[in-house]
Amino acid sequence: MNERIPYSGRVYDSKEIENLTKAVEEFWLTSGRWTAEFEKKLANYLGLPYCLFVNSGSSANLLAFMALTSPLLEERTVKRGDEVITVAAGFPTTIAPIIQFGAVPIFVDITVPQYNIDVSQLENALSEKTKAVVIAHTLGNPFDISAVKKFCKKNNLWLIEDNCDALGSEYENAKTGTFGDIGTSSFYPPHHITTGEGGAVYTKNPLLHKIMHSMRDWGRDCVCPSGVDNKCGNRFNRQFGELPFGYDHKYVYSHFGYNLKATDLQAAIGVAQLDKLPGFVEKRRENWNFLRKNLESLQDKLVLPEALPLSNPSWFGFAISCKQGVQRQKIVEHLESKNIQTRMLFAGNIIKHPCFDQMRKTGEGYRVVGNLEQTDFVMENMFWIGVYPGLNDEMVDKMAKAVKEGAML
């Protein structure tokens, strides 16, 4: 039987089922004690004081960006028309909140074979309207954190790390997602750990945490968890806005927020998954290193991925770009015919997609620095295959052999 080799998937055992069963029996369902445990456990893993569990990685990106629009940030508040530096080669919900709010994404190119932001273009992207940098660690490979942090500090810019594909990656022995003002994660089944749907935002900044907590929970001012009343002891004795004195603090809203909470059922799974995360990360690295070693002979035909210096990536996938004369389509079709799942680098170039049709026509709503040459190269020539811990040695060996066969077609 020709066994399917997926690019990723969930890996679990009886512990996740046990935790989930306990959560079902408690029947709290919404966020509760399991959520609190998961948030604390993830924060400890990252070495950060604050973490919030949300219902998806896309919601995490939404919450992270919208936190920067809070008036509590005073002169650093991101307003409509302000500019945010990012890349076009990535996942759409990294940039969707920027556009949906009415800020302006400024797209710069990436480098190959690291597939991350070209930091040499940051100064060219800067304007008096720039307020933030929002970028991802592509396929687990950290972007040039040192250069980006230096640029943000010099220009007083916010930095959001989309860490959705890089949980467990390290740069100079610290976890990615902890260098910026806010980090985000996704726990969708293909990711490093899973809660089914789910995500997280995390920070070391207490004000940003307060804002995100408010916006996650309907925009309310009160910080009492679900099912808890009057934790602060001042529920009915304070003045808010132009409300009557003593208005119930549980129904006071300091932001225009959302309901982005996840459930305790999901968190219970996440608690068990976090125990497995170090092992998952090591297996991902092992699989990636095997592919890198076994495909080195093809460097005249393929561009193989490289890690950022001083980093130790928790790889999400193994990136392959085809050099001139080698057709991506032939390799991909060959792999798929062998029941080996492949993926493109998400949007490739998001500006080319139908969601940008109207903006391309008007020339408004975004700005491009340079010509995005490498971004277009990736869109046309790059694909990736899996390294997730559910792949055994036989599967990874079969993938390497199939790539070699496809490159010779």
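1. Let's start with threonine 111, which is found in the loop between β3 (104-108) and α5 (122-125). Helices (H or I, at least four residues) and strands (E, at least two) are DSSP runs, numbered from the N terminus. Bear in mind that this is a predicted model, where local features need pLDDT of at least 70, side-chain atom pairs count only at pLDDT 80 or more, and totals for chains, interfaces and linings use all residues. Residues are numbered from 1 along each chain as its sequence is written, and side-chain values use heavy atoms, with hydrogens and water left out.

2. How exposed is threonine 111? With a relative accessible area of 26%, threonine 111 is partly exposed (buried is under 20%, exposed over 50%, partly exposed in between, using a 1.4 Å probe and protein chains only). Apart from neighbours within four places in sequence, threonine 111 is in contact (heavy atoms within 4.5 Å) with Asn116 and Asp118. Have a look at threonine 375 too: it sits 264 residues away along the chain, yet its C-alpha atom is 8.1 Å from that of threonine 111.

3. On to the sheets. Two strands pair if DSSP finds at least two bridges between them.

4. Strand β6 (residues 170-171) pairs with β11 in the antiparallel sense over two bridges, and glutamate 170 stands opposite asparagine 312 in β11.

5. Finally, the helix pair. The axes of α8 (residues 264-294) and α12 (residues 393-407) come within 10 Å and cross at roughly 30°; axes are lines fitted to C-alpha atoms, for helices over the stretch in contact, and angles run from 0 to 180 degrees between N-to-C directions. That is why α8 and α12 count as roughly parallel to each other (angles under 35 degrees). The contact is made by residues including Phe290 and Leu291 of α8, and Val396 and Met399 of α12.

How values were computed
Parallel < 35°, antiparallel > 145°, perpendicular 65-115°, else oblique.
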